[in-house]
Amino acid sequence: MAKTQDYGVGRGNGEPIDNAFRRTDPFGLHQEPTYAGATSFLRCKYTRDLTGVDVAVTGVPLDTATTNRPGTRFGPRAIRQESTHIAWNRPYNWDFQPLDEIAVVDYGDCYFDHGHLENAPAAIEAHITEILDAGAAALTLGGDHFLTYPVIQAHAKKHGPVALVQFDAHTDTWQDPDKTRIDHGTMFYHAVQEGVIDPAVSAQVGIRTVNDDTLGITVVNANWVHEHGPKAAADRVREVVGDRPVYLTFDIDGLDPAYAPGTGTPVIGGLTPYQAMTALRNLAGINLVGMDVVEVSPPYDQAGVTALAGATLAYELLALYAYGRRKA
Ligand SMILES: [Mn+2]
């Protein structure tokens with residue numbers, strides 16, 4: 001395993017450019033010009049070979065379950081592009097480089113037929129199952145939040161009912177009177193009913209929309225985070241999840257739209273990037289088994305800031321995951 005030391009363009013452990021297909025070492029930073037080269041998440045290698053891989057990053061470009069503005073089908077590609085800006089340095093809030101310690105590849109995107117949309121959930125679940133069956137963890141880039149439901153179904157097959165940690169403006173546990181409709185605001189109702197999420201050990205952070213029935217999930221709403229701070233919020237989450245297998249989903253609208261305007265259902269009064277990153281850093285030690293960043297909608301973005309936030313938070317999630325593997 002090569003240790004990351006250099007910070008110059010065209011230096012590091014790999015080739016000066018196009019490491020998305022030229023690199024051979026799955027560890028370490030591979031610096032290349034941020035404005036050039038084949039784009040992958042953090043310049044990781046595109047491959048479907050998961051031999052020895054710890055985390056497979058994969059896109060799910062689905063945006064047909066949105067209640068308002070679509071566009072998140074372009075999210076995975078935009079997050080990959082913005083990740084080139086941060087692929088030269090380790091996450092600032094962590095005292096180690098996760099890419100030195102875990103092997104990460106870009107697994108490409110999940111395919112589903114938009115002409116047979118009814119088959120998309122099964123296609124997503126099968127795609128994630130492929131990754132988990134190969135012994136890797138999945139870091140999924142969305143796509144609208146509905147996709148997290150089949151992703152969690154795949155995780156529950158391996159880990160049992162998961163503890164959900166959700167950063168979001170919305171609970172996504174709403175239900176209609178007939179309790180059959182499903183979209184990106186109701187899927188966690190169904191996931192709890194199905195038993196793939198255990199609400200008693202689950203927590204939602206950053207909530208600022210009304211839902212009188214949260215199904216027993218602990219809600220650490222945005223106001224609480226603003227009043228008590230992100231470290232205290234993380235403490236509450238850690239208390240709730242204990243040592244249960246955690247699936248962490250980060251809806252980019254958990255951030256305030258001032259920082260993440262490029263999303264389908266923005267709600268003001270949200271978290272700052274500092275609060276989000278500090279909360280994630282202070283979740284170190286949870287038993288993280290899977291994660292995603294969803295709802296980045298490039299058509300509504302400005303100067304790529306939302307995709308940059310998504311890429312940065314995904315990098316933070318890699319650090320959180322690598323920290324957990326250290327203890328294991
Ligand atoms: Mn949301």
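**Aromatic rings**

I started with a group: Trp94, Phe96 and Tyr323 form one aromatic cluster. I'm keeping in mind that this is a predicted model.

Next I asked how many aromatic pairs a search of the whole structure finds. The count came back as five.

Then I checked where the two residues lie. Tryptophan 94 is in the loop between helix H2 (75-83) and helix H3 (98-101), while tyrosine 323 belongs to helix H10 (residues 305-327), so this pair ties together parts that are 229 residues apart in sequence.

Are they buried or exposed? Tryptophan 94 has 2% relative accessibility, so I put it down as buried. Tyrosine 323 has a relative accessible area of 25%, so I wrote "partly exposed".

**Another pair**

I moved on to phenylalanine 146 and tyrosine 149. This aromatic pair is edge-to-face, with 6.4 Å centre to centre and 90° between the planes. Phenylalanine 146 counts as buried at 9% relative accessibility, and tyrosine 149 is buried too, with a relative accessible area of 10%.

**Charges over rings**

Which ring does arginine 326 lie over? I found it over the face of phenylalanine 96, at 4.0 Å from the ring centre.

My last entry is arginine 69: its charged end sits over the ring of tyrosine 300, 3.9 Å from the ring's centre.

Methods:
Residues numbered from 1 in each chain as written. Predicted model: local features only at pLDDT ≥ 70, side-chain atom pairs only at ≥ 80, totals over all residues. Heavy atoms only, no water. Phe/Tyr/Trp six-rings, centres within 6.5 Å; stacked < 30°, edge-to-face > 60°. Helix = DSSP H or I, 4+ residues; strand = E, 2+ residues; numbered from the N terminus. Buried < 20%, exposed > 50% of the residue type's maximum accessible area, 1.4 Å probe, protein only. Lys NZ or Arg CZ within 6 Å of the ring centre and 35° of its normal.
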